[in-house]
Amino acid sequence: MSSGRLAGRVAIVTGAASGIGAAIAARYGAEGARVLVVDIDETRGRELAEKLEGAEFQRADVSSADEMSAVVETVRTRFGGLDVLVNNAFATSFGRVEDLTDEAWRHTQRVSLDGVFYGMRAALPLLVARGGGAIVNIASISGLGGDEGLGAYNAAKGGVINLTRTVALEAAARGVRVNAICPGLIDTPALQGVWDLVPQRRESTKRSIPLGRFGTPQEVASLALFLASDDAAYVTGAAIVVDGGLTARSGVPPLTS
Ligand SMILES: NC(=O)c1ccc[n+]([C@@H]2O[C@H](COP(=O)([O-])OP(=O)(O)OC[C@H]3O[C@@H](n4cnc5c(N)ncnc54)[C@H](O)[C@@H]3O)[C@@H](O)[C@H]2O)c1
């Protein structure tokens, strides 16, 4: 019999082969959950699943409704149900809006927004059948404001936050809690991709974070664990930042020395 804050629970984590998703899958596993690790990266996804007790890997592209339905079918048949869905996989594109191609725009929406919709739509009946559960959508502080060069991502993540609120309302009476996490700048391969584009901005960006450093995937996983657990029994429809204080500023310059 497993122990921990998620003992006996079943969780799906998408985009779990790397970064924040991998940290969440590992944390859930350590807290007693059986985790279905979902990613398009088969090698790293399998590697992680092999390290977690009771975990399995399934290759799936979240932008495919059929593949997300198959993922949910796997936990039904292999694990006997579902308690927690974490929609974490994403894609982005960089460039001013007038320079974005149709394909760059669509790819970002397909993976980062459609994928969250497909995941929730497929999982809800199984969560309800269990008498309730939790959905944790990994959004971003980029869903709360705009960023020059990230329009497609801003639109998708803003959509994830508001869709989270809608599903929280629709599912509340059936015992399913739905929340979004808005990470700030978290040290992962994806953030490294940003520094590859603008290496000269790395240090000044770090200095602009009130806590003075980038976050770790484990710090996001701590919030994802709370939201999945019974400790968050009264939390639904929330979009919670974990950003070292980055979005706390109004923009007025500091008036203290
Ligand atoms: N790192 C940050 O600073 C940061 C900030 C805010 C929000 N986020 C969000 O956190 C989440 C995880 O980001 P990360 O930094 O850990 O990224 P990452 O690049 O380290 O990991 C993303 C994972 O998603 C997988 N993936 C990509 N497309 C997929 C698809 N179509 N289907 C299934 N899996 C797919 C990748 O293979 C990879 O394993 C994302 O939703 C991202 O928007 C990250």
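Axes are lines fitted to C-alpha atoms, for helices over the stretch in contact, and angles run from 0 to 180 degrees between N-to-C directions. The model is predicted: local features need pLDDT of at least 70, side-chain atom pairs count only at pLDDT 80 or more, and totals for chains, interfaces and linings use all residues. Residue numbers start from 1 along each chain as its sequence is written.

**View 1. Packing of helices H1 and H8.** H1 and helix H8 (residues 217-228) pack at about 50°, their axes 8 Å apart. Helices here are DSSP runs of H or I with at least four residues, strands are runs of E with at least two, and both are numbered from the N terminus. In contact (C-beta atoms, placed from the backbone, within 7 Å) are residues including Gly19, Ala23 and Tyr28 of H1 and Pro217, Ala221 and Ala228 of H8.

**View 2. The two sides of helix H2.** H2 spans residues 42-51, and its buried residues are Gly45, Leu48 and Ala49. Buried means 20 or more other C-beta atoms within 10 Å of the residue's own, exposed 12 or fewer, with C-beta atoms placed from the backbone. The face turned away from the buried side carries the exposed Thr43 and Glu50.

**View 3. Neighbours of H2.** The buried residues of H2 pack against helix H1 (19-30). Strands E2 (34-39) and E3 (56-59) are also packed against by these residues.

Conventions: Contact = placed C-beta atoms within 7 Å.
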